[in-house]
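Please read it beside the sequence and the coordinates.

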Amino acid sequence: MKELRQFVEVADLRSISRAAKKLNISQPALSRAIRQLEDSYGVPLFVRTGAGVELSPYGSALYSKAVQILPALAEVREEIEHLQGRAKAVIRLATGDLWGLVILPEIIRTFSESHPDVVVQLTIADDGTRFEGLRQGIYDLVFGTLSYKYEAVMQVEFETFVRQATYVYCDAGHRLAKAHDMTIEKLLEERWLSPGYGDDDGPAGQVASLPRDYAVRAESMTQALFLLRGSPFLMAASTGFERLFKSLGIAKVNIPEHGGIQASGAICTAAASAKPAVRDFLRLVRGSAHSFDLPALE
């Protein structure tokens with residue numbers, strides 16, 4: 001199992017040296033472990049390239065199974081330790097910014113009080129990372145919008161809890177914070193800030209499809225918020241952020257359109273939804289849905 005984890009890390013990073021650094025072992029030790037794994041299968045698992053290593057056809061076959069096996073083995077270990085009273089059960093959540101920063105914090109606090117024997121692991125990540133994590137069994141529950149990618153490669157359950165559109169936000173002291181009758185032309189004259197994703201997303205009809213002048217691209221919504229405060233920039237983000245942003249001195253710009261409505265909720269596999277902790281968490285989310293009070297534009 002240890003060697004399999006090391007193999008997956010090398011495959012993901014496409015570099016033995018980078019994988020060794022991340023795994024906190026020496027490069028020669030990791031190279032020996034890979035050679036031993038290759039010897040056990042009797043085939044080369046990697047092909048050396050100028051930039052590092054790439055999976056061989058044999059390595060690709062092993063990788064496709066390893067990414068399924070490792071999470072399952074880790075889950076079994078946790079379950080055994082939990083049954084022995086040596087460890088807590090774990091529920092792994094991956095969310096977008098809206099769920100992670102606005103909707104789930106109070107629910108997680110309530111859940112933790114009623115389930116002291118369960119550890120909640122929360123990751124705020126982009127849609128691609130959430131998708132891969134659910135596909136590989138790394139996450140039990142993913143919160144966000146359901147894209148075509150999920151249903152194209154696996155069977156998932158999706159339950160809608162909120163509906164959201166897109167607002168344009170700016171610092172409360174920005175000259176557009178109290179402006180009316182904004183036009184697309186006026187919006188496109190401004191410089192924009194990206195929260196790290198969705199540069200092609202946006203409100204007001206054509207704004208979503210027209211190029212914008214981005215001054216800053218942040219790595220996360222939290223970072224983007226601090227950059228937006230006191231700045232001359234505009235930022236497009238979910239309508240669900242309005243209350244949080246307002247408390248931080250960020251205002252929405254009054255525009256006639258806010259983009260298409262998107263359903264957002266919980267995504268999981270049947271196997272994950274069968275876990276008692278996951279069922280209990282979803283039941284709590286379901287019971288709290290009436291209190292979300294997010295703008296849902298019709």
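Three strands in the order β10-β7-β11 form an open sheet with antiparallel pairing; strands count as paired if DSSP finds at least two bridges between them. Helices (H or I, at least four residues) and strands (E, at least two) are DSSP runs, numbered from the N terminus. The model is predicted, so local features need pLDDT of at least 70 and side-chain atom pairs count only at pLDDT 80 or more, while totals for chains, interfaces and linings use all residues. Residues are numbered from 1 along each chain as its sequence is written, and side-chain values use heavy atoms, with hydrogens and water left out.

- Strand β7 (residues 166-171) runs antiparallel to β10, and four bridges join them.
- Thr166 has Ser238 in β10 as its bridge partner.
- Helix α9 (residues 221-228) packs on this sheet, touching β7, β10 and β11, and its direction makes about 135° with that of β10; contact means heavy atoms within 4.5 Å.

**Five-stranded sheet**

- An open sheet with mixed pairing has the strand order β4-β3-β5-β12-β6.
- Because β4 (118-124) and β6 (157-164) stand at the edges with a single partner strand each, one side of each lacks a neighbour in the sheet.
- The twist averages 20° from one strand to the next.
- Three bridges link β5 and β12 in the antiparallel sense, and Phe143 has Ala266 in β12 as its bridge partner.
- Helix α5 (residues 97-114) packs on the sheet and touches β3, β4, β5, β6 and β12, its direction making about 175° with that of β4.
- Helix α12 (residues 276-288) also lies across β3, β4, β5, β6 and β12, and runs at about 25° to β5.

**Helix α6**

- Within α6 (residues 127-135), Arg130, Phe131, Gly133 and Leu134 are buried; buried means under 20% relative accessible area, exposed over 50%, and partly exposed in between (1.4 Å probe, protein chains only).
- These residues lie on the same side of α6, because they cover an arc of only 165° around the axis, taken from the directions from the helix axis to the C-beta atoms.
- The buried residues of α6 pack against β3 (89-95), β5 (141-144), α7 (148-153) and β12 (262-268).
- Asp126 caps the N-terminal end of α6, with a side-chain oxygen 3.0 Å from the backbone nitrogen of Gly128.
- Gly137, which follows α6, has a positive phi, near 80°.

**Thr95**

- Thr95 belongs to strand β3 and is buried, with a relative accessible area of 0%.
- Its contacts, not counting residues up to four places away in sequence, include Leu104, Leu122, Arg130 and Phe143.
- The side chain of Thr95 reaches the backbone nitrogen of Gly100 at 3.2 Å.

**Nonpolar cores**

- A nonpolar core is a set of buried Ala, Val, Leu, Ile, Met, Phe, Trp, Tyr and Cys residues joined through side-chain atoms within 4.5 Å.
- In the largest core, of 39 residues, Leu141 and Phe281 touch the most other members.
- Helix α5 gives the largest share of this core, seven residues.
- Among the residues that Phe281 touches are Ile91, Leu93, Phe111 and Leu141.
- A second, separate core of 19 residues includes Phe7, Ala19, Ile34 and Val67.

Terms used: Polar contact = N/O pair within 3.5 Å; in protein donor to acceptor, adjacent residues only side chain to side chain. Axes fitted to C-alpha atoms, helices over the stretch in contact; angles between N-to-C directions.
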